Structure formats: C-alpha cells, structure tokens
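Here is a short briefing on salt bridges and accessibility in one protein structure. Look at the sequence and the model first, then read the points below.

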Amino acid sequence: MKNKLTIKLVLACSLATTGLFGTMFIASPQASAATEEALSLIDIGKDYIGTPYRFGATAGKNSAFDCSSYVQYVFDQAGISLPRTSSSQASKGEKVDKAFLSVGDLLFFKTGGKGISHVGIYAGDGKMLHASSSQGVMISDINSKYWTKAYVTARRVL
C-alpha cells in the first residue's frame, strides 16, 4: 500500500513538472506562418535583386546598397523604421532561435572583424535576401558552410 502511494506521488510530481516545463517551452519564440506583411516584404526585397553593392550606401536611396541600407530600405517600404547599421538593427525586435525562423526575420552575421557585420532578411526555406559585397542584392542559402559559420543571431521585428 505504501509503495503504491509513493509511486502515485512520484508520478503526480513528474506530470506536474512536465506540464510546467511544457508551458515554458510553449512560451518561447517559435516559427510562425508567413504573414501577408512578411510575404509583401519579401516581394519588395526581390524587386532589388541585382542592385549593385556600395559600402556606406546612402540611406533611402535604391541605386546601390550595402547590407544594412538594403534591409533598412526594404523595411521602410513596408512602413517599418529600422536603424542604419547592422549592429544597431540587431538590437531591435525579439530574439528568435535559428530553429524557429519565420519569413521576414532579420539574420545577423559576423563576416570579419569584431561583432555583427552583416544582415539579411529570412525569405523562407533556408534562404535570405541580402546585399552581398561581391554580387549586390541576391538570395543566398543560410545553411551553406560560409553563412552557417558566420551566423550570430536572428531578430523578429514584424
């Protein structure tokens, strides 16, 4: 009789703990379905594929972009204000685990030097829109060896 009571208490505590931890995990940032706003943002961004790269490109202009001016411009076209630099953009929105990326999330990378030095927009299916210093605005695979090694964090601002 005593052993059955002990087993019931252990089982009850285990279930309660599991429920508590389950609730904690559910509250974590998760992937969400691509919203109309996010898909519109990607469409805007795709319109600039092939636009040349220029380091320090002027904010608000679309004749040439660096990575952060491109992201700032695309989000501005969608009515969302972002700072000019990738390191400043990395402080906006909510941090998102790479496993839970959603279309429109900002992706940040360390491509050289100290700290964040590159930003792109998650386009879904492991792809990002970004302004590459070698090819201008393009779509890249974030799971390539280069981008996987350089990945730092992601933020959700939509």
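Buried means under 20% relative accessible area, exposed means over 50%, and partly exposed lies in between (1.4 Å probe, protein chains only). At 71% relative accessibility, Phe-55 therefore counts as exposed. This is a predicted model, in which local features need pLDDT of at least 70 and side-chain atom pairs count only at pLDDT 80 or more, while totals for chains, interfaces and linings use all residues. Residues are numbered from 1 along each chain as its sequence is written, and side-chain values use heavy atoms, with hydrogens and water left out.

**Salt bridges**

- The structure holds three salt bridges (a side-chain nitrogen of Lys or Arg within 4 Å of a carboxyl oxygen of Asp or Glu).
- One of them joins the side chains of Arg-84 and Asp-66 at 2.9 Å, N to O.
- Arg-84 lies in the loop between α3 and α4 (86-89) and Asp-66 in the loop between α2 and α3, so the pair ties together parts 18 residues apart in sequence.
- Asp-66 is buried at 5% relative accessible area, whereas Arg-84 is partly exposed at 23%.
- The side chains of Asp-141 and Lys-127 also meet in a salt bridge (4.0 Å, N to O).

**Arg-156**

- Arg-156 forms a salt bridge with Asp-105, with the closest N and O atoms 2.9 Å apart.
- Both Arg-156 and Asp-105 are buried, and the relative accessible area of Arg-156 is 15%.

**Phe-55**

- Phe-55 and Cys-67 are 12 residues apart in sequence and 8.3 Å apart in space, C-alpha to C-alpha.

Key
Helix = DSSP H or I, 4+ residues; strand = E, 2+ residues; numbered from the N terminus.
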